[in-house]
Amino acid sequence: MDDLIFIVAITLKSSPAVLLASLGELISERGGILNLGVEGMMLVGALAGFVTARQSASLALGLCGAMAAAGLLALLHAFLCVHLRADQVISGLAVTILGTGLSSFLGRPFIGQTGLHFSSIGGTWIDGLPLIGPLLAQQNLFGLLCLAAVPALMYLLGRTWLGLYIRAAGQDPAAADAAGVPVAAIRYGCTLFGGCMAGLAGAYLSLAYTPGWKEGMTGGQGWIAIAMVIFATWHPLRALLGALLFGLLNALQFYFQATGIELIPAYILHMLPYLLTVGVLVLVTVLEKPVLGSVPGALGKPFSREE
Amino acid sequence: MSLPSSAPAAPILELDGISKRFGPVVANRRIQLKVYPGEIHAVLGENGAGKSTLMSILAGRYRPDTGRILLDGQPVSFASPAQALARGIGMVYQRFMLVDALSVVENLLLGHARGRFRLDIDAACRKIASFSQAYGLAVDPRKTVRQLSMGERQRVEILKLLLRQARILIFDEPTAVLAPPEVESFFRVLRRLSRKGHTILFITHKLEEVLQMAQRISIMRQGALVATLTPRQVSSRRELARLMVGREIVLNVHKQPSNAGEVILAAEGLRARDDTGQVLFEDIRLHLKKGEILALTGVAGNGQSPLAAALAGMPPAFEGRITYRGRPFENSRWQRRPKPNMVYIPEDRHTTASVGPLSLTDNFLLTRLKNFRRQAHLARGRARLATGDILTRYGINAPAGPQSLARQLSGGNLQKFILARELDRRPDVIIAESPTSGLDVRATEEIWRLLLQQREQAGVLLVSGDLREVLALADRVAVMFRGRILATLSTARAEQVARIGLLMAGVPEKANRHAIEA
Amino acid sequence: MRLKLEKKAHSGLRIVPLTLMIAAPVLLAGAVLFEAVGADPLAAYAVMLQGALGNWFNCSEVLVKAIPLMLTGLAVAVAARMQLWNIGCEGQLVCGGIFAAGFALYAADALPAPAVIPILILAGFAGGALWALIPALLKARWNVNEIISTLMFNYVAVILMQHLYFGPWRDPMGRGFPGTAMFVRSAWLPRFFHTRIHLGLFIALGAALLLYYSLGHTTWGYRVTVIGLSPQAARYANFDAGRQQIAVLLISGGLAGLAGMGEVCGIHLRLQQGLAVGYGYDGIIVAFLAYLNPLAVPLVALLLAGLIVGGEQLQAVAHLPASISMVLEGCLLLAILAATVFSTHRLRIVRDDEEGP
């Protein structure tokens, strides 16, 4: 029983970064813009969040800083993709390279420094709750709040004007434009949102999960988030499932380490998140008939009214 | 419903000296046109006559270089379609502007950014239902657009305009994608709209429609408006056609009676499904003889295209048997087999039959690679000479000869190039899919001539939904509906020709069921 | 008001304004960063330039760095010719290194010396190709997104390599040094001119020539081009796109593997930390800066190598992080992307009541 709680608690704790980043990417892609810069934006967000929180002594400002820094990179990507109609794959890769370099260059003085971080909510009345008490005790406020983004985005996409506009802009920008949808503005907005979410995801790592700044601390979670959007077939609820799956793998790794059980050699365990991401990708591509209506039809294609 | 000529009403819309050029091309030249409230006004002209540009100017998509638009006597200028729509002018384009993945109601809600954040689907559905009722535009608002027929999609487009209070409705080739009965019901809707006081403008090149529907007819030629008439003023179709083309219409290519030889390609019990398991075609039995043109016709989307592709050895995979020169083949062997004497002209000439960013030489190599190689080395020099040769022989106009990029060619020249490349192989079977769609009269004529010439030494399977083309070229016509061939008829017999329209709409009369294998 | 992209009347790729358009924003971005960390931008750039071109040895180091960049650049370019995104060069490079190291450690001394180098080259190529095989099969068979699959395999390859040199392959005499033992002499790639320039340079240049010829002047290259430009046309012409996808990705992986082999057997002479330093990702930049032209790849690789060597010198001399070169690379790629658009188009602010055809 304790083992189970341990695994579930770690799962919950290690999934929010992937969740936030993939939800952001999901909205960006629903609007028609493929953003392969998530990894770079997460790194920049992680650094900016950590540094801002540390200098301003405010976690809230830290989160704002993370969103602002990653958001700027997202605007750059949006400008190239929306206005210049540049290749979205190359632009995204360039943003990842730039973000990785920037965070490494500017972050060097902060390696090994300590700063503010979100502490777990344990040690209060929460511990006493039956069953979920010990589970919740290890979580932090930030991570738990992330879960609220899932229903919020489901509501946004399915039941609001804005959601309808986003879906239309990603499915058929020409038709949406003809109907009066401001396609360029929607796509900017979606990309910016995706960037801010990636920034928050990075901040979760540097302010909550493993407090502090470390070069390349995302370890490919940005890429995993992109894969999870495909796994999620562009539905927020399934993105949550994907993120939890990633968290579970992480938790198992900890569990085996902590208990000293070596069913699988450690290095194979380290590889598992990456291998299973590919596996999951294969699974959805092979098994699922294309889910019409949710796959953004115009994903990755630039739109211009003239052509 | 009074004729505008006798009506004292002031024009609702007046175009005064409208001109528009795109670079060196003059699309509209000093157009004068008056449109009266409640009339059904046809704009007739060939491809490239400037009708679509003129209507797009009215709908706010383009701005005129010179001239004025008067709406209710007041000069107006539109910067965007939205502004035109705000003043009550809306247009239904030939390519529908609907988001296929969204439902009807969602499409109708798009662009209505009003007040509240939340979507009220139910209220919108109720509103749509009341409009549908009033205008006889039946459509289920909760269905996804992708599930709708072309006729239903057109109704959604009309609803979209009506919901935004459009008074003047412009249609661009509205019947091009409709089956004959759908055309009838579309015309009923037009009359109803007109009775309710809406003004209708429709672009077309079909003379019959104009004479059947229009209260006034404006004819355009080479960017200019050459005449505006009432149907009573039109003495004959021939005259109308002459006004439209500017010379005696020559689309009557002279077809000798066919001299059919042995069966060269035959299919037995062919069927195929798409990825989602939907039947594309089934129960197909046909044969093609040397020396004849067999047309495969039907309204778009009834299985002709996939059947043509399968016969040509491309996906989809089929069950059943194809017999070529007396030898039977199953699917996999047929697809793998090289077919040096069989050519396929797909409908999509821009990305399937040619590669836009490559030179004509490289495009020539697309199907001729085997003849121009030394082991792995590409003999591009020789290919360039061969390409230059067919350019001259077939009179293809290419700006830089064999070096020209395929995308620099006009549609007609590109199609001629593709045909030339394939005919140069001296084929015995030609499968040509909508070979003249989107081409002007002159190019159409040339393509038709080429195909008719081929009848001497090959069997031609012509896939076309254009009845004019089918009747001009084919010796026999197989009509397809929902993936099946309903009947195969002879074009030499008038009583059989008369049935083609009904068969295309899927109305199998008893007599047709037992149609003669001509 | 809105921004609108318009085609220019006279679109020409004039080299001088284009270079300026690319270089200026990149240098400016770097200057801002140097200011931000309190360094004098001009001095910093001077150190980088000096570091890259200051003397014969530094120049030779640029050539040394250019070797893996040429190979990964070619790897990315050949795949991109077919619209395939091989982001997995890093992993393929590592795997090529692992294969070469395995052979050098455990088989090389049993073979006659002249046979060793050719087999090493084959092993490096095979290692890289093998690492690309799974993504290639997944792409060809089920159209699984190759960007993600090749990228995920990068992480796997690095973990595998670390496991090897920390674990089973670790040098027993190394006193905890994270690396294998040094290879036997016969497994060292020959070096030239008393520098670290090794045989890999000629392999890379040969590969560039070979790719140039085969992409432009063989039936294979023709097929690859058509498949890349229009899959429908390829199907129409009866070209087997799946098989070519696999072939191209294997070649791409193999080239990246050669880069790893060159690093391991030409520079490190053992498998150790410092093999996965981002040459795979740099290859993406090289390929696109070269507009996917194999003959342009070596030149662009030199440019980028200069940037990297300059960055390393900056770290050694001025104690500024070498990752400045990565920042500049990212900016460079973005600038290229924008410049490509601006060479044929211009951006104009239009009022809402204006329109364009």
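Modeller: A salt bridge is a side-chain nitrogen of Lys or Arg within 4 Å of a carboxyl oxygen of Asp or Glu. The model discussed here is predicted.

Biologist: What area is buried between chain B and chain A?

Modeller: The size of an interface is often expressed as the accessible area that is lost when the parts come together. Here 20 residues of chain B are in contact with 23 residues of chain A. Carbon and sulfur atoms give 66% of the buried area, which amounts to about 2,000 Å².

Biologist: Which three residues in chain B lose the most area to chain A?

Modeller: Carbon and sulfur atoms give 66% of the area buried between chain B and chain A. On the side of chain B, three residues together account for 29% of what is buried there, and these are Leu110(B), Phe117(B) and Leu119(B).

Biologist: How many charged residues has the side of chain B that touches chain A?

Modeller: Two residue pairs are in polar contact across the interface of chain B and chain A. By class, the side of chain B has ten nonpolar and two polar residues, and its charged residues number eight.

Biologist: How many salt bridges does the rule find across the interface of chain A and chain C?

Modeller: The contact involves 45 residues from chain A and 49 residues from chain C. Together the two chains bury about 4,100 Å², with 84% of it on carbon and sulfur atoms. Four residue pairs are in polar contact across this interface. The number of salt bridges found, however, is zero.

Biologist: Which element gives the largest share of the side of chain A that touches chain C?

Modeller: At least two residues each come from α4 (59–83), α5 (88–107), α11 (221–231) and α13 (266–287) of chain A. The largest share, 14 residues, is supplied by α5(A).

Biologist: How many nonpolar residues are on the side of chain A that touches chain C?

Modeller: Four residue pairs are in polar contact across the interface of chain A and chain C. The residues on the side of chain A include ten polar and six charged, while the nonpolar residues number 29.

Biologist: How far apart are the C-alpha centres of domain 1 of chain C and domain 2 of chain C, and what area do the domains bury between them?

Modeller: Chain C is divided into domain 1 (1–39 + 321–357) and domain 2 (67–300). The C-alpha centres of these domains lie 32 Å apart. Each domain gives five residues to the contact. Of the area buried between them, 74% is on carbon and sulfur atoms, and the area is about 580 Å².

Biologist: Which helix gives the most to the side of domain 2 of chain B that touches domain 3 of chain B?

Modeller: Three residue pairs are in polar contact across the interface of these two domains. One helix, spanning residues 441–454, provides five residues of the domain 2 side, and this helix is α14 of chain B.

Biologist: Which residue takes a positive phi in the hairpin of β14(B) and β15(B)?

Modeller: Strand β14(B) pairs in the antiparallel sense with strand β15 (residues 327–329) of chain B over three bridges. Within this pairing, Ile322(B) has Phe329(B) as its bridge partner. The hairpin has two residues between the strands, and the residue with a positive phi near 50° is Arg325(B).

Biologist: Which residue in β14(B) stands opposite Leu265(B)?

Modeller: Strand β11 (residues 263–273) of chain B pairs with strand β14 (residues 319–324) of chain B in the antiparallel sense, over five bridges. The residue of β14(B) opposite Leu265(B) is Tyr324(B).

Conventions: Residues numbered from 1 in each chain as written. Chains lettered and ligands numbered in written order. Predicted model: local features only at pLDDT ≥ 70, side-chain atom pairs only at ≥ 80, totals over all residues. Heavy atoms only, no water. Contact = heavy atoms within 4.5 Å. Buried area = accessible area lost by both parts, 1.4 Å probe. Polar contact = N/O pair within 3.5 Å; in protein donor to acceptor, adjacent residues only side chain to side chain. Helix = DSSP H or I, 4+ residues; strand = E, 2+ residues; numbered from the N terminus. Nonpolar A, V, L, I, M, F, W, Y, C, P; charged D, E, K, R; others polar. Domains from an automatic or database assignment. Pairing = 2+ DSSP bridges.
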